[in-house]
Amino acid sequence: MVKNFRKKTVCILTAILGCIVLSPKLAFSQTLSVSESTKNITGTWEFASRNGVGGPNANVLRINHNTSTNVITGRIYNTPTNPGQCIQGYYLPTPRRIVFIRKATLDCTSPAIQFYHGSVYYNGESMGFEFHSWDSSGSALPLPETGVDANAYVIKVSNTP
């Protein structure tokens with residue numbers, strides 16, 4: 001009986017130690033598999049709607065991504081008739097996480113009015129966001145006291161901002 005208990009104990013300990021030794025290697029190898037298309041998100045991205053993307057007045061997100069610091073800057077809601085507003089944030093390529101704030105002016109001197117966070121999809125050709133608005137400065141639509149939370153989806157249309 002003691003002999004069987006020792007064998008079971010050794011088997012269980014071996015299994016536990018094997019998991020401890022192998023798991024970090026497996027997890028580490030998974031986090032390093034960043035495709036070339038998701039390393040740099042510099043480019044022009046169009047907001048998708050029920051009607052697809054594009055059109056003469058499509059809303060555009062233009063991103064400049066500094067790959068050495070992971071800082072992103074650019075413009076949002078840029079159309080042929082509107083220069084858009086400033087964005088500032090960061091992008092982490094390994095988890096494909098993007099975070100930025102939108103400011104009410106193009107020169108980035110105004111307070112932040114929205115916060116965006118989301119993910120770049122595995123192929124680097126699209127992104128999904130959740131955004132939170134707490135100030136309607138410059139908007140024709142007043143916000144409720146609690147602000148607005150919504151989702152957005154963009155598709156890459158160019159590698160240049």
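In which strand is His65 found? His65 is found in strand E2, which covers residues 60–66, where helices (H or I, at least four residues) and strands (E, at least two) are DSSP runs numbered from the N terminus. The structure is a predicted model, in which local features need pLDDT of at least 70 and side-chain atom pairs count only at pLDDT 80 or more, while totals for chains, interfaces and linings use all residues. Residues are numbered from 1 along each chain as its sequence is written, and side-chain values use heavy atoms, with hydrogens and water left out.

The protein chain contains two helices and eight strands, and the order of these elements along the sequence is α-α-β-β-β-β-β-β-β-β. Of its 161 residues, 31% count as buried, a class defined by a relative accessible area under 20%, with exposed meaning over 50% and partly exposed lying in between (1.4 Å probe, protein chains only). When contacts (heavy atoms within 4.5 Å) between residues at least 6 apart in sequence are considered, 39% of them join residues at least 24 apart.

The eight strands close into a barrel in the order E1-E2-E3-E4-E5-E6-E7-E8, with antiparallel pairing. Neighbouring strands of this sheet are turned against each other by 30° on average, direction ignored, where axes are lines fitted to C-alpha atoms, for helices over the stretch in contact, and angles run from 0 to 180 degrees between N-to-C directions. Strands of a sheet pair through backbone hydrogen bonds, either parallel or antiparallel; here two strands are taken to pair if DSSP finds at least two bridges between them. Strands E5 and E6 run antiparallel and are joined by seven bridges, and Phe100 has Tyr116 as its bridge partner in E6. Seven bridges likewise join E6 to strand E7 (residues 126–133), again antiparallel, with Ser133 in E7 as the bridge partner of Gln114. The hairpin of E6 and E7 has five residues between the strands, and in this hairpin Gly124 takes a positive phi near 75°.

One disulfide is counted under the criterion of a pair of cysteine sulfur atoms within 2.5 Å. This disulfide joins Cys86 to Cys108, with an S to S distance of 1.6 Å, and the link is right-handed, with 85° about the S-S bond. Because Cys86 lies in strand E4 whereas Cys108 lies in the loop between strand E5 (97–103) and strand E6 (112–120), the pair ties together parts that are 22 residues apart in sequence. The C-alpha atoms of Cys86 and Cys108 are 5.3 Å apart in space. The two cysteines fall into separate accessibility classes, since Cys86 counts as buried at 1% relative accessibility and Cys108 counts as partly exposed at 22%. Strand E4 spans residues 85–92, and, with neighbours within four places in sequence set aside, Cys86 is in contact with Gly74, Ile101, Arg102, Lys103, Thr105, Leu106 and Cys108.

Two further residues were examined through their side-chain polar contacts, a polar contact being a pair of N or O atoms within 3.5 Å of which, within protein, one must be able to donate a hydrogen and the other to accept it, and for which residues adjacent in sequence count only if both atoms are side-chain atoms. His65 counts as buried because its relative accessibility is 8%, and its side chain forms a polar contact of 3.5 Å with that of Asn70. Beyond neighbours within four places in sequence, the contacts of His65 include Lys39, Asn40, Ile41, Thr42, Val71, Ile72 and Tyr91. Ser126, placed in strand E7, counts as buried at 8% relative accessibility. The side chain of Ser126 makes a polar contact of 3.4 Å with the side chain of Tyr153, and, apart from neighbours within four places in sequence, Ser126 is in contact with residues including Trp45, Ser119, Val120, Tyr121, Val154 and Ile155.
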